[in-house]
Amino acid sequence: MISFKLSSTCRRSPTARLGLLLAAVLCGVATLCVAVAPVLQDVLDVPAKMSPLALKSPLLGIAAAGDKVVAVGVRGTVLRSADAGTSWTQVTMPVSADLTSVRFTSGDTAWAIGHDAAVLRSDDAGQTWARVLDGRSLFTLMTQHYRKLASGGNEEATRIVAEVEGAAALSATPGVLPYAFFDIWMGADGEGFLAGAFGFLLHTSDAGKTWEPWLERAENDRRMHLYALEQGADGELYLAGEQGLVRRYDRKAARFVTVETPYNGTFFGLKSVPAGLIAYGLRGNAFLSADGARSWAPIDLGSEATVVATLAPNADQLVFVTRSGQVLLSKDGGKSVADQGFARNGDVLAAAMVGNDQLALARINGVQVVRLTPR
């Protein structure tokens, strides 16, 4: 059964709103908006505001492809760099919804996703963006899909229809599903997935032109929030989320199946590395599987700060980034780590490698680019 809480997209003071958003992204509390004040213009109808202050705004996601770097954040803010993070410009966006994540999927194709089910695509490395999906079209997609299943006697589909309709009715803007998407994965053959709050999972077989709801295909009856999608070195696709949730994609059965893990806290990310697959999340927890997710070994980071990114600059190194701003470098596959000792200038929400030795940190107050130093 889906349950609902106040959303970070509610019309609140900037400080309160940001606090709710950070809780949603990093503490496992995805949210739904309840109108408690007169509704202003809907964020799906209002373009992101262009402002010099955007360079210092809270950023929640970042991705790089060569020297091209894109960072996304609150109120539809998107920053772009074409010179490996040396200089940044704000990019115009057709929505002002909070954006949680950005990912390059191939060449210059990038996807920005976030609250109010905002999904936007760029085919020029983040210079221009087109809306692919939003809370209105998601509401239509969900109700039409599950009503059809319900008409055939599917009881779970009937429950989902009632829950989705109730959620839309309570939204700050009726008829809009303000669920947050947290990650996207797109394969070379055009098959892809969107994962997000309340177990929301969408599937595409045509590179995102059309989407099909897959809520009932992830062995996630409790609707745990889904935070990460990653293809492992073994070629298998994995999904991760709350309460130790990890799933493997069974292509033949067209569903995700349960993978047992030794941790019952939230996993915010997955990373494919030469040694296997790393799952990471709350309180400094990180685990490595070297056998296709059949068994997991803990990685001792010596930190209780939430891990927001795990990166692999090359075959010999791993980098772990925590919300507190720690950058931990391992040269032995995670057996030991060394703190790079960078100055901590505010919470870090995401990170991306820019080249082999530079790291772009998406902070609560803008982007910081640092250079790794072997120790």
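Me: How many residues of the lining of the largest pocket are nonpolar, polar or charged?

Reply: Rolling a probe the size of a water molecule over the atoms shows where empty space is left. Here the lining divides into 25 nonpolar residues (Ala, Val, Leu, Ile, Met, Phe, Trp, Tyr, Cys and Pro), 6 polar (the others, Gly among them) and 4 charged (Asp, Glu, Lys and Arg). This is a predicted model, in which local features need pLDDT of at least 70 and side-chain atom pairs pLDDT 80 or more, while totals for chains, interfaces and linings use all residues. Residues are numbered from 1 along each chain as its sequence is written, and side-chain values use heavy atoms, without hydrogens and water.

Me: Which residues lie nearest the centre of the largest pocket?

Reply: A pocket is an open set of points on a 1 Å grid over the protein atoms alone, where a 1.4 Å probe fits, with protein on both sides within 12 Å along at least five of seven lines; lining residues have an atom within 4 Å of a point. Of the 35 lining residues, I62, V102, R103, D183 and A351 lie nearest the centre.

Me: Which strand gives the largest share of this lining?

Reply: Strands are DSSP runs of E, at least two residues, numbered from the N terminus, and β5 gives the largest share, 6 residues.

Me: In what order do the strands of the sheet with β5 stand?

Reply: Two strands pair if DSSP finds at least two bridges between them, and this open sheet has the antiparallel order β5-β6-β7-β8. Because β5 and β8 (130–133) have a single partner each, one side of each is left without a neighbour in the sheet. Antiparallel β7 (119–122) and β8 are joined by 3 bridges, and R121 stands opposite A130 in β8.

Conventions: Helix = DSSP H or I, 4+ residues; strand = E, 2+ residues; numbered from the N terminus.
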